[in-house]
Amino acid sequence: MNFLALFDLSVLDSTVRLAVPLLLACLAGLFSERGGIFDIGLEGKMLAAAFFSAAIAATTGSVWIGLLAGIGASLTLSAIHGVASITFRGNQLISGVAINFLAAGLTVLIAQSWFQQGGRTPSLIGGGRFEPITLPFADALSTVPFLGPLYSELISGHSILVYVALLCVPGTWYILFRTRFGLRLRAVGENPAAVDTAGVSVVGLRFAAVGICGVLCGIAGAYLATGLQAGFVKDMTAGRGFIALAALIFAKWRPWHALWATLLFGYLQAIALRPDIIEGALGFKVQVQLLDAMPYILTVVILAGFVGKAIPPRAGGEPYVKER
Amino acid sequence: MTATHPAIELKGISKAFGPVQANKDISIRVMPGTIHGIIGENGAGKSTLMSILYGFYKADAGEVFISGQKTEIPDSQAAIAAGIGMVFQHFKLVENFTVLENIILGAEDGGFLKPSLAKARKSLVELAAEYELNVDPDARIEEIGVGMQQRVEILKALYRQADILILDEPTGVLTPAEADQLFRILGRLREEGKTIILITHKLREIMDTTDTVSVMRRGEMTATVKTSETSPEQLAELMVGRKVLLRVDKTPAAPGPVVLDIQNLRVVDDQKVERLRGIDLQVRAGEILGIAGVAGNGQSELLEVLGGYADGTGTVTLNGQPIDLTGKYSDGRSRRDNGIAHVPEDRQREGLIMDFAAWENTAFGYHRDPAYTSGMLSNNAAIKTETQAKMDRFDVRPPNLQLAAKNFSGGNQQKIVLAREIERNPDLLLVGQPTRGVDIGAIEFIHQQIVALRDQGKAILLVSVELEEILSLADRVAVMFDGRIMGERLSQDTDEKELGLLMAGVGA
């Protein structure tokens with residue numbers, strides 16, 4: 001057996017690609033839940049963003065306009081969630097479920113109506129996709145032993161959104177723990193009454209949290225349809241929003257932990273694509289179906305609380321009502 | 001300091017919630033550098049008035065003047081800007097933040113935390129020196145005691161340069177020693193020229209600490225007097241609107257045989273923390289045993305295990321018969337069958353179902369009683385008749401058995417629970433915080449009922465965080481600290497000072 005083969009560079013490379021949408025969605029959920037708004041609508045927002053980014057990119061030929069459209073679609077759903085759960089103090093879970101249903105149905109319906117391709121968008125070509133970018137010196141360094149291939153294959157050669165997502169990790173950490181906005185955001189998720197009596201708007205902070213969540217979900221969805229793949233297909237998020245939520249719990253609502261958690265999920269998805277490597281490493285054949293199911297099994301295990309106690313933000317899920 | 005203008009003046013403040021007039025034409029003047037008490041029963045409108053001052057509510061009519069300037073207070077931001085600081089009864093702190101983070105929250109300087117934290121740390125040192133308010137700036141709120149947490153609230157207000165400090169029922173969660181310390185701090189703040197408004201229902205605090213006092217009753221300000229020119233009796237009368245007996249009127253106890261015998265009782269909670277660490281207690285027929293202690297030292301767990309909704313180990317006998325502490329026969333129903341009645345500490349969560357009508361609440365726990373059933377069905381007519389009679393005997397107001405429990409005042413809710421439990425003629429009555437959130441008039445009545453039950457030869461276990469209540473109602477006092485009994489005293493042989501030390505875990 002050769003366990004090192006399990007960490008083949010090509011597998012690690014796709015790990016990064018597959019982890020990116022999870023990471024963005026996970027950070028989106030992190031902002032929202034740190035602000036006290038539970039959001040199980042990550043899935044729906046990503047799906048809507050995936051469709052609209054692909055559709056607009058296909059129509060205009062510009063992936064950047066597509067990205068904006070995706071973010072816009074996701075933000076619209078965020079606004080619905082915000083109005084329902086912050087302004088009208090509705091149930092956050094129900095609002096999230098509604099958003100997931102809405103996105104699942106509407107994307108296919110509109111896709112069929114616009115493109116008549118069975119609920120897909122046309123395949124994206126040229127400027128309609130985010131192309132891999134080669135980092136400086138990638139070719140020159142590729143001959144350097146070990147580090148060379150690591151740099152040129154694993155680190156270089158991703159689309160811009162991958163780097164954006166990775167930069168979001170320290171960015172999120174910095175915002176949360178080093179800025180006034182972060183302090184207030186964390187406080188509003190723990191004890192909104194403290195924020196309120198300190199003279200800061202609870203509603204404003206929570207809408208900001210939900211808004212950031214919308215932008216990040218929008219990028220995640222756009223990456224799925226215009227970076228990872230070339231176009232939108234029905235239900236292409238395939239539960240990634242829920243996996244991101246599981247990763248968020250696994251990460252205990254911390255940005256760096258979120259990176260490691262989503263990389264783990266990304267790795268499970270990546271390795272499932274290469275049963276040959278697993279067979280080579282373990283010496284026996286593992287059912288493809290089992291491999292495909294692994295990320296979901298891990299999700300269930302995490303959500304069932306097998307990874308130790310994870311304490312969510314204390315005011316999470318509860319609408320804030322000013323005390324008499 | 002020449003006090004030309006009052007630090008704070010309210011003129012004709014009125015506020016209604018629907019048909020309820022919470023504040024009616026209230027006017028007060030508080031001079032700078034004084035401590036002004038506001039006393040009144042629950043629901044008298046004290047909190048509404050303070051919420052208006054802090055920008056939580058908008059008054060329907062009336063004006064607020066701060067240092068002679070007419071001031072609009074549409075939100076908390078405006079209140080802070082006007083120099084008003086508020087220490088709420090339930091602290092508004094973020095539990096997993098540090099002291100420093102809580103202090104700067106909402107009063108940060110600029111978008112980045114580092115300079116704000118540094119500035120706050122420096123000014124915390126100065127404030128600590130000026131007002132003797134020492135706290136560890138890096139401690140997390142969840143790791144420090146309530147007394148410290150309250151200091152953080154005061155520091156929060158001072159950090160925002162508050163000149164007027166409003167404290168709402170500040171001693172509710174404190175030990176007597178901590179309360180004394182708080183009042184020393186308040187005295188110090190007064191010396192430095194701060195104006196303090198102290199809201200409380202405790203007459204003694206008003207008498208000991210304030211310069212002037214205003215009394216509120218049913219939304220109106222009934223009087224404002226100099227504290228030195230009034231007496232507790234007069235204040236109580238002003239609060240209730242009639243003469244009130246402040247002391248419990250009872251004859252010496254005539255204890256009979258042991259009813260409840262507890263040996264080495266232990267309870268471990270969900271977090272595997274031992275909450276009761278070997279309790280030995282006896283309660284005799286015809287006596288009231290009071291359990292004193294700061295909230296959270298195991299009193300709740302004691303009531304829960306005796307009431308049948310927590311598991312424990314050890315030996316507990318009732319009239320010589322052992323009762324189960326785990327398993328099928330350790331539930332509330334078995335306890336009632338054993339002859340234990342329970343008036344729980346949290347009447348709104350454990351004693352009543354708030355959305356259900358008074359008559360339904362009267363049957364809970366006893367709904368299997370043959371008198372309340374006919375075959376498989378419940379005999380609602382019988383329950384209602386019984387409820388009406390109970391409501392009359394216990395003077396529940398309004399005597400409307402269809403009214404949902406949540407629509408009764410705290411005192412009347414407690415009377416409903418008490419009527420249900422006492423009238424079952426139990427051998428042992430467990431009572432937790434019988435008068436928490438209950439107004440003075442109702443307190444008197446509830447105390448009389450408990451004493452009457454004792455005089456019928458029943459055993460009563462009373463848990464209360466109000467030391468005054470324990471001392472006046474109980475015949476014998478046991479003090480709990482950290483899951484243990486620190487000592488037992490006859491109530492006529494002890495005083496608040498001695499019990500206070502025991503409550504703090506000192507001596508035995």
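Predicted model: local features only at pLDDT ≥ 70, side-chain atom pairs only at ≥ 80, totals over all residues.
# A tour from helix α8 of chain A

The elements covering the buried residues of α8(A) include α1 (9–34), α7 (160–178), α9 and α10 of chain A, along with α3 (99–104) and α4 (113–131) of chain B. Colour the two chains separately to see which chain each of these elements belongs to.

Now show the residues of α8(A) itself. How many of its 11 residues are buried? Nine are, so the helix is largely enclosed by the rest of the structure. To label the buried ones, pick Gly182(A), Leu183(A), Arg184(A), Leu185(A), Arg186(A), Ala187(A), Val188(A), Gly189(A) and Glu190(A). Charged side chains can be found in this list: Arg184(A), Arg186(A) and Glu190(A) are among the buried residues.

Next, select the boundary between the chains. Here 19 residues of chain A are in contact with 22 residues of chain B. On the chain A side, α8 (180–190) and α9 (192–197) each supply at least two of the residues that touch chain B. Sorted by class, this side of chain A has eight charged, seven nonpolar and four polar residues.

Stay in chain A and select α2 (residues 42–60) together with α10 (residues 202–228). α10 is also one of the elements that cover the buried residues of α8(A). The axes of α2(A) and α10(A) lie 7 Å apart, and the two helices pack at an angle of about 55°. That angle makes α2(A) oblique to α10(A). The crossing of α2(A) past α10(A) is right-handed.

To see the contact, show these residues:

- From α2(A): Leu42(A), Lys45(A), Met46(A), Leu47(A), Ala48(A), Ala49(A), Ala50(A), Ser53(A), Ala54(A) and Ala57(A).
- From α10(A): Gly214(A), Cys217(A), Gly218(A), Ala220(A), Gly221(A), Ala222(A), Leu224(A), Ala225(A) and Thr226(A).

Which classes make up this contact? There are 13 nonpolar residues, five polar and one charged.

Finally, hide chain A and view chain B whole. Its secondary structure comes to 17 helices and 22 strands. The C-alpha trace of chain B spans about 70 × 45 × 45 Å along its principal axes. For 508 residues, a compact globule would have a radius of gyration near 23 Å, and the 25 Å of chain B agrees with that. Colour chain B by burial: 47% of its 508 residues count as buried. Among contacts in chain B with a separation of 6 or more, 67% come from residues 24 or more positions apart.

Note on methods. Residues numbered from 1 in each chain as written. Chains lettered and ligands numbered in written order. Contact = placed C-beta atoms within 7 Å. Helix = DSSP H or I, 4+ residues; strand = E, 2+ residues; numbered from the N terminus. Axes fitted to C-alpha atoms, helices over the stretch in contact; angles between N-to-C directions. Parallel < 35°, antiparallel > 145°, perpendicular 65-115°, else oblique. Left-handed = near helix turned anticlockwise from the far one by under 90°. Rg over C-alpha atoms; globule rule 2.2 N^0.38 Å. Buried ≥ 20, exposed ≤ 12 C-beta atoms within 10 Å, placed from the backbone.
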